[in-house]
Amino acid sequence: MTTQRKLTIYQEFGTFLAQKRGLDALMVMMATISQEIVDADRATIYFYDEEKSLLWSKVGQGLDTRIEVGLNQGVAGITAAMQETQIVLDAKNDIRFNPEVDTLTGYVTRSILAIPLVGMNEKLLGVIQVINKHNNEYFNVDDANELLFLGEYAALIIENAMWNLKLQDEVDEK
């Protein structure tokens, strides 16, 4: 992807953010940008449920059902548990890969890049995971850095939305 195209994507995202849309629309946009910026086939944004100690798919391109994964389960779960970027070059031969989602969806995962979404005070918020880089290429450190950059924005968006919901709940209680 050219530098000009990346700049255009970031500009479109900035414009979208300025329009103050709801969290669902922002997460769909974040998944689309994540997928485009690293030239992936699909993206999923998982939110972390601290009470249940699991991740659940808030947005999943190509998913018709909600996916839930425990910490240390699959690439997304390991990313969350370790709060470290994971790059998987050959999914079917990597022990971190959990083939259950492919079985459920009929999709074939070849490669994966996942980054943790971490908020203030190192609080785990979720994971962004992209799947299958186009043209049979592999995800690399440059892709990870691009996704980490976007992940910082996603974490801010999620935290702000959580604060807004909390404030709205307090106002509604009065």
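Predicted model: local features only at pLDDT ≥ 70, side-chain atom pairs only at ≥ 80, totals over all residues.
The buried residues of H3 are Gly74, Val75, Ala76, Gly77, Ile78, Thr79 and Ala80.

These buried residues pack against strand E1 (40-49), strand E2 (54-60) and strand E3 (68-70), and also against strand E4 (86-88), strand E5 (112-118) and strand E6 (124-133). After H3 comes Gln83, a residue whose phi is positive, near 50°.

## Aromatic pairs

The structure holds 2 aromatic pairs. One of them is formed by Phe47 and Trp56, whose arrangement is edge-to-face, with 5.5 Å centre to centre and 75° between the planes. Phe47 and Trp56 are both buried.

Phe149 and Tyr153 also form a pair, and because their planes stand at 75°, with the ring centres 5.5 Å apart, this pair is edge-to-face; the cut-off for that label is an angle over 60 degrees.

## Setting of the pair in helix H5

Both Phe149 and Tyr153 belong to helix H5 (residues 141-173), where they lie 4 residues apart, about one turn of the helix.

Phe149 has a relative accessible area of 39% and is therefore partly exposed, since that class covers values between the buried limit of 20% and the exposed limit of 50%. Tyr153, at 36% relative accessibility, likewise counts as partly exposed, whereas Phe47 and Trp56 are both buried.

Terms used: Residues numbered from 1 in each chain as written. Heavy atoms only, no water. Buried < 20%, exposed > 50% of the residue type's maximum accessible area, 1.4 Å probe, protein only. Helix = DSSP H or I, 4+ residues; strand = E, 2+ residues; numbered from the N terminus. Contact = heavy atoms within 4.5 Å. Phe/Tyr/Trp six-rings, centres within 6.5 Å; stacked < 30°, edge-to-face > 60°.
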